[in-house]
Amino acid sequence: MRRPLDLRHVVSPGLRDLIELANTHDFDRVTEQVRNLRGCTRPINLHGWTVTTDPATKEVVRSYHSEDEPSGRLLTTCGNRRASRCPACSRVYAADTYHLIKAGLSGGKNVAETVRDHPRAFVTLTAPSFGPVHNRKTDGTGKSRACACGQSHAEDAPELGTPLNPATYDYAGAVLWNAHAGQLWARFTTYLRRALAEHLGMTQKALNAALRISFAKVAEYQKRGLVHFHAVIRFDGPDGHTTPPPAWATFDALSTAVGLAVERARLIVESDAIGERDIAWGRRFKVDPITALGDGELTDARVAEYTDAKVAGYIAKYATKNAEGAGTVDRTLMCRPCAGRGYVRGPSRLPNRCADCHGTGQAEPIKALPVQQHVRQMIRTAWDLGHLPEFAELKLWKWAHMLGFRGHFSSKSRAYSTTLGALRDVRRAWRIAQAEAARARAGLPATDETTLVTTSSWTYLSSGYRPGEELLAAQVRHDIAHTQRLKQEGLVPA
């Protein structure tokens with residue numbers, strides 16, 4: 001009988017755990033589970049079972065029990081879309097978003113290929129100014145010019161986007177603009193249809209009967225801490241992407257309607273504490289045509305074109321980001337036990353000061369955050385506004401780390417293209433096909449997936465790896481990054 005290894009001299013908990021896994025469990029299965037996660041940073045730990053049976057023969061076609069795993073649990077990816085939290089899962093989300101946007105521009109994924117001939121525009125909408133900030137101006141040749149402060153800033157200068165005079169900067173207006181940006185976008189889409197009907201000299205009812213406007217948009221943070229939107233807007237026929245739009249639905253008409261909608265879409269926010277605020281778009285906006293496919297010779301004139309692939313890649317990149325680009329943190333500052341209130345209800349239903357946050361309502365003090373003063377002031381402003389009665393429904397204390405923005409980072413109209421759920425179903429079908437191929441190689445009969453019945457029961461246990469599994473995951477992430485570098489250098493096929 002082999003004597004167990006003496007691990008008392010092993011200092012690293014991860015290495016000690018890894019050795020224990022290698023000696024007491026099916027190490028190959030442990031390694032396989034971790035590798036199947038493709039480098040997920042914080043996987044979900046589940047306990048349960050799933051059984052697939054043929055109702056006609058009562059035969060169990062497939063069965064799985066987490067208790068059969070070496071560690072007694074199933075690891076599955078966290079699915080977090082944020083690159084700052086899980087680069088591996090965010091890459092999958094970015095790839096899905098890319099295909100979703102690309103399908104709405106050039107067809108595929110059950111979208112008609114004729115959609116590439118529809119008028120499309122890449123629209124950028126920005127926030128207004130809430131006070132002058134440090135910026136990096138350039139002339140027509142790309143040469144840097146002096147900022148209003150008298151200096152020429154480098155591209156990575158930390159003061160870019162910060163106010164020239166913080167004492168006069170409208171922090172309350174900036175936070176409220178972020179908080180209502182989603183509603184402002186919804187109002188913009190409504191005014192876009194009205195403006196188009198007005199420009200074409202027809203009623204909205206007639207316009208809706210002849211034309212459908214489809215879109216997909218993503219939010220991006222500027223250095224000054226305000227979001228702006230990039231959107232693909234497309235004209236379709238009345239039945240969506242399968243039908244061409246009328247001849248009078250041109251890019252010029254779309255561009256004109258966007259300009260009118262930007263001017264007219266606005267919200268009024270009233271508060272006894274800070275007065276009245278007019279929530280509207282900034283004067284700077286862009287409407288660029290999207291060229292079909294982007295095939296052909298890449299000339300100097302075509303470098304600046306917005307092609308299908310370029311637009312899809314641009315939007316997919318920002319779909320996995322949060323507010324990190326503005327220099328803030330990627331976690332909520334709300335104390336979860338007291339939900340940011342600073343107190344909890346005791347047995348007598350009387351409020352008691354929360355012991356976790358010492359009555360501040362903050363999971364970590366705002367003054368201790370490793371951020372610039374400008375960002376800290378926006379966070380503090382969002383926190384303070386959120387506790388005013390008139391802004392209670394905005395829950396700004398929950399979204400203070402997002403500088404007030406509480407909308408979806410990416411969204412689309414119903415008929416723009418395929419859905420993220422449909423893309424996940426394709427991957428699920430592929431995995432089932434792989435399982436059927438494995439059954440065939442093992443000499444087992446094929447199964448009819450349309451008649452099978454699956455029952456399951458799962459319970460959430462925790463998130464994360466064991467120390468030894470974390471070492472294996474780190475190796476997986478290193479291997480993936482190394483392969484990607486080799487592909488970029490052309491040393492292995494892409």
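Reply: Gladly, and please keep in mind that this is a predicted model. Rolling a probe the size of a water molecule over the atoms shows where empty space is left. In this structure the largest pocket is lined by 42 residues, and those nearest its centre are Asn36, Thr76, Thr77, Arg427 and Arg431. The volume of the largest pocket is about 1900 Å³.

Me: Which element gives the most to the lining of the largest pocket?

Reply: That element is H10, which contributes nine residues to the lining. Among the other elements that give two or more residues are helix H2 (27-36), strand S3 (74-76) and helix H11 (467-488).

Me: How should I read a sheet, and in what order do the six strands of the open sheet lie?

Reply: Strands of a sheet pair through backbone hydrogen bonds, either parallel or antiparallel. Here the order is S12-S11-S4-S8-S7-S15, with mixed pairing, and the edge strands, S12 (306-307) and S15 (410-412), each pair on one side only. Within the sheet, S4 (residues 120-125) and S8 (residues 227-236) run antiparallel and are joined by six bridges, with Arg120 standing opposite Arg234 in S8.

Me: Which strands does helix H4 touch as it packs on the sheet?

Reply: Helix H4 (residues 171-200) touches S4, S7 and S8, and its direction makes about 25° with that of S8. Helix H6 (residues 251-264), for its part, lies across S4, S8 and S11, running at about 160° to S11.

Key. Residues are numbered from 1 along each chain as its sequence is written. This is a predicted model: local features need pLDDT of at least 70, side-chain atom pairs count only at pLDDT 80 or more; totals for chains, interfaces and linings use all residues. Side-chain values use heavy atoms; hydrogens and water are left out. Two strands pair if DSSP finds at least two bridges between them. Helices (H or I, at least four residues) and strands (E, at least two) are DSSP runs, numbered from the N terminus. Contact means heavy atoms within 4.5 Å. Axes are lines fitted to C-alpha atoms, for helices over the stretch in contact, and angles run from 0 to 180 degrees between N-to-C directions. On a 1 Å grid over the protein atoms alone, a cavity is a set of points where a 1.4 Å probe fits but cannot get out, and a pocket is an open set with protein on both sides within 12 Å along at least five of seven lines; lining residues have an atom within 4 Å of a point. Grid points are joined across faces, edges and corners, and a volume is the space filled by probe spheres set on the points.
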